[in-house]
Amino acid sequence: MRIAIAGAGSVGRSIAGELVENGHQVMLIDRDPEAIKPGRIEAAEWVLADACEVALLEDAGLQTCDVVIACTGDDKVNLVVSLLAKTEFAVGRVVGRVNDPRNEWLFTDAWGVDVAVSTPRILAALVEEAVSVGDLVRLFTLRQGQVNLVEVTLPPTTSIAGRPVRDLKLPRDAALVTILRGGRVIVPQPDEPLEPGDELLFVASTEVEGQVREALR
């Protein structure tokens, strides 16, 4: 894919490096001359421009990109870049970085954002995932908050130990996608027995998360 990244700071460069290693064409855009460092990622295209200026984005070829990632340290800039990418350049996928969790509600399709990534929220979720047993932890939000990737670690005293996956009475808008057991990644099969300590990963709509909790009791 051809991917444009608005913001060539440490976060933008890290993302660019990973994407280049995975074989994608990457363009880094930043208005600060000090941020333009082609020697850091030689395979990337570097553009000195204000990513909030339509004419400059057009000159950079944003209309040829499959994905735009707005990852500056300023939420206002990220929202403007996202909106321009979607409305002016019809970019198929727009990812917006949320710096302040209080602004997360703005990062929706109304501003052209397909996926909002809140670093503070992700870090908090990972901490909860590491220390929480028996409770449902939201790891990642998809579809503008309509669907979440959630995790539950079964406690040692779980009453569903030894019962097969088919016995889980999950609601309609929830699916068990994998079981993490020790160093193994297990694709859930109907006859697979559940064990204490299993980490269960579900994709579920926000409305049915409570029902997923009940199914695991």
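The structure is a predicted model, in which local features need pLDDT of at least 70, side-chain atom pairs count only at pLDDT 80 or more, and totals for chains, interfaces and linings use all residues. Residues are numbered from 1 along each chain as its sequence is written, and side-chain values use heavy atoms, with hydrogens and water left out. The protein chain holds 5 helices and 11 strands. Both are DSSP runs numbered from the N terminus: helices are H or I with at least four residues, strands are E with at least two.

**Whole chain**

- The C-alpha trace spans about 60 × 35 × 25 Å along its principal axes.
- The domain assignment gives domain 1 (2-118) and domain 2 (132-216). Such bounds come from an automatic or database domain assignment.
- The centres of domain 1 and domain 2, taken over C-alpha atoms, are 34 Å apart.
- Of the 217 residues in the protein chain, 42% are buried. Buried means under 20% relative accessible area, exposed over 50%, and partly exposed in between, with a 1.4 Å probe and protein chains only.
- Among contacts in the protein chain with a separation of 6 or more, 51% come from residues 24 or more positions apart. A contact means heavy atoms within 4.5 Å.

**The parallel sheet**

- An open sheet is formed by 6 strands in the order E3-E2-E1-E4-E5-E6, and the pairing is parallel. Two strands pair if DSSP finds at least two bridges between them.
- Strand E3 (45-48) and strand E6 (115-118) stand at the edges with a single partner strand each, so one side of each has no neighbour in the sheet.
- Neighbouring strands of this sheet are turned by 20° against each other on average, direction ignored. Axes are lines fitted to C-alpha atoms, for helices over the stretch in contact; angles run from 0 to 180 degrees between N-to-C directions.
- Strand E4 (residues 67-70) pairs with strand E5 (residues 93-98) in the parallel sense over 4 bridges. Val67 stands opposite Arg93 in E5.
- Helix H1 (residues 10-21) packs on the sheet and touches strand E1 (2-6), strand E2 (25-30), E3, E4 and E5. The direction of H1 makes about 170° with that of E2.
- Helix H3 (residues 75-87) also packs on the sheet, touching E1, E4 and E5. The direction of H3 makes about 175° with that of E5.

**Helix H1**

- H1 has 12 residues and reaches 17 Å from its first C-alpha to its last, close to the 16 Å expected at 1.5 Å a residue. The expected span is 1.5 Å times one less than the number of residues.
- The buried residues of H1 are Gly12, Arg13, Ala16 and Leu19.
- Seen down the axis of H1, these buried residues fall within an arc of 130°, so they line one face of the helix. The arc is that of the directions from the helix axis to the C-beta atoms.
- Ser10 and Glu21, on the other side of H1, are exposed.
- The cover over the buried residues of H1 includes E1, E2, E3 and E4.

**Helix H3 and Asn78**

- H3 has 13 residues and reaches 18 Å from its first C-alpha to its last, close to the 18 Å expected at 1.5 Å a residue.
- Buried residues of H3 include Asp75, Val77, Leu79 and Val81.
- Their cover includes E1, helix H2 (54-60), E4 and E5.
- Asn78 lies in helix H3 and is buried, with a relative accessible area of 0%.
- Not counting residues up to four places away in sequence, Asn78 touches Ala70, Cys71, Thr72, Arg97, Asn99 and Phe107.

**Asp30 in strand E2**

- Asp30 is found in strand E2 and counts as buried at 14% relative accessibility.
- The C-alpha atoms of Asp30 and Ala8 are separated by 5.6 Å, with the two residues 22 apart along the chain.
- Leaving aside neighbours within four places in sequence, the contacts of Asp30 include Gly7, Gly9, Ile36 and Val47.

**Antiparallel pairs**

- Strand E9 (residues 174-181) and strand E11 (residues 199-205) pair in the antiparallel sense over 6 bridges. Leu180 stands opposite Glu199 in E11.
- E9 also pairs with strand E10 (residues 184-186), antiparallel over 3 bridges. Arg181 stands opposite Arg184 in E10.
- E9 and E10 form a hairpin with 2 residues between them, and Gly182 in the turn has a positive phi of about 65°.
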